[in-house]
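Subject: Handing over the structure

Hi there,

Here is the structure I promised to pass on to you. Have a look at it first, and then read on for what was found in it.

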Amino acid sequence: MNAKQQAALEAVLQKFDGLPLECDGMTRVVSMYLSHEEIPHTIQCGKLAVQGAGFIPLHYWVAFADGRVCDLRARMWLGNAANVPHGLFLPNDDQMYTKAAEFRSTPYLEVLFYILALAPLEHFLQDESTKT
């Protein structure tokens, strides 16, 4: 992922974060966006343990080949402590992602994206100043 793609992803993640989805649905929404933008990634499922914050026995996240993770729902279960991961990041020693399964990316399907996100992808890609 180049710098321009990363900046676009981080901007869109802020908009996705408000969706009423748990980790599995959020991971699918993020994966469909990444597929639409042709950014290589996988979906991973497993456990997440965060030092001092807790443990999630079943969790989904997006993984990139360079080791970065995209996770918008760890804080749903573990709270907002500074070491609880959120967004796009490289996990540190306090954040133990243990993969149990890996899935191919979810292809962008307009109708499925709309069902999960309650709006078309274009809604999230619009610049705030141009929304009506």
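Phe89 counts as buried, since its relative accessibility is 13%. (Buried means under 20% relative accessible area, exposed over 50%, and partly exposed in between, with a 1.4 Å probe and protein chains only.) You will find Phe89 in strand 4, residues 87–89. Helices (H or I, at least four residues) and strands (E, at least two) are DSSP runs, numbered from the N terminus. Between Phe89 and Arg68 there are 5.4 Å in space, C-alpha to C-alpha, although the two are 21 residues apart in sequence.

Before going further, please keep in mind that this is a predicted model, in which local features need pLDDT of at least 70 and side-chain atom pairs count only at pLDDT 80 or more, while totals for chains, interfaces and linings use all residues. Residues are numbered from 1 along each chain as its sequence is written, and side-chain values use heavy atoms, with hydrogens and water left out.

Salt bridges

How many salt bridges are there? The count comes to three, where a salt bridge is a side-chain nitrogen of Lys or Arg within 4 Å of a carboxyl oxygen of Asp or Glu.

- Arg73 and Asp17 meet through their side chains at 2.9 Å, N to O. Arg73 sits in the loop between strand 3 and helix 3 (74–78), and Asp17 in the loop between helix 1 and helix 2, so this pair ties together parts that are 56 residues apart in sequence. Arg73 is buried, at a relative accessible area of 6%, whereas Asp17 is partly exposed at 28%.
- Arg68, the residue mentioned above with Phe89, has a salt bridge to Asp66 at 2.8 Å, N to O. Arg68 is buried, with a relative accessible area of 15%, while Asp66 is partly exposed at 47%.
- Glu102 pairs with Lys99, and their closest N and O atoms are 3.2 Å apart. Glu102 is partly exposed, with 43% relative accessibility, and Lys99 is partly exposed too, with 46%.

The cavity and the pocket

Both were searched for on a 1 Å grid over the protein atoms alone: a cavity is a set of points where a 1.4 Å probe fits but cannot get out, a pocket is an open set with protein on both sides within 12 Å along at least five of seven lines, and lining residues have an atom within 4 Å of a point. Grid points are joined across faces, edges and corners, and a volume is the space filled by probe spheres set on the points.

There is one cavity of 30 Å³ or more, and the largest cavity holds about 50 Å³ of space. Which elements supply at least two residues each of its lining? They are helix 2 (23–36), strand 2 (54–63) and strand 3 (69–71), and helix 2 gives the most, with four residues. Among the lining residues are Cys23, Met26, Trp61 and Arg73; Arg73 is also the salt-bridge partner of Asp17. By class, the lining of the largest cavity has eight nonpolar, one polar and two charged residues. (Ala, Val, Leu, Ile, Met, Phe, Trp, Tyr, Cys and Pro count as nonpolar, Asp, Glu, Lys and Arg as charged, and the others, Gly among them, as polar.)

The largest pocket has a volume of about 160 Å³. Of its 14 lining residues, Ala8, Val12, Tyr33, Glu37 and Leu125 lie nearest its centre. Helix 1 (3–16) contributes the largest share of that lining, six residues, and helix 1 and helix 5 each supply at least two. Seven of the lining residues are nonpolar, three polar and four charged.

Two backbone angles to look at

Most residues other than glycine have a negative phi. Glu38, which is not a glycine, has a positive phi of about 60°. Glu38 is in the loop between helix 2 and strand 1 (42–50) and counts as exposed, at 69% relative accessibility. Leu118 is not a glycine either, and its phi is positive at about 65°. Leu118 belongs to the loop between helix 4 and helix 5 (121–125) and is exposed, with a relative accessible area of 58%.

Enjoy exploring!

Best wishes
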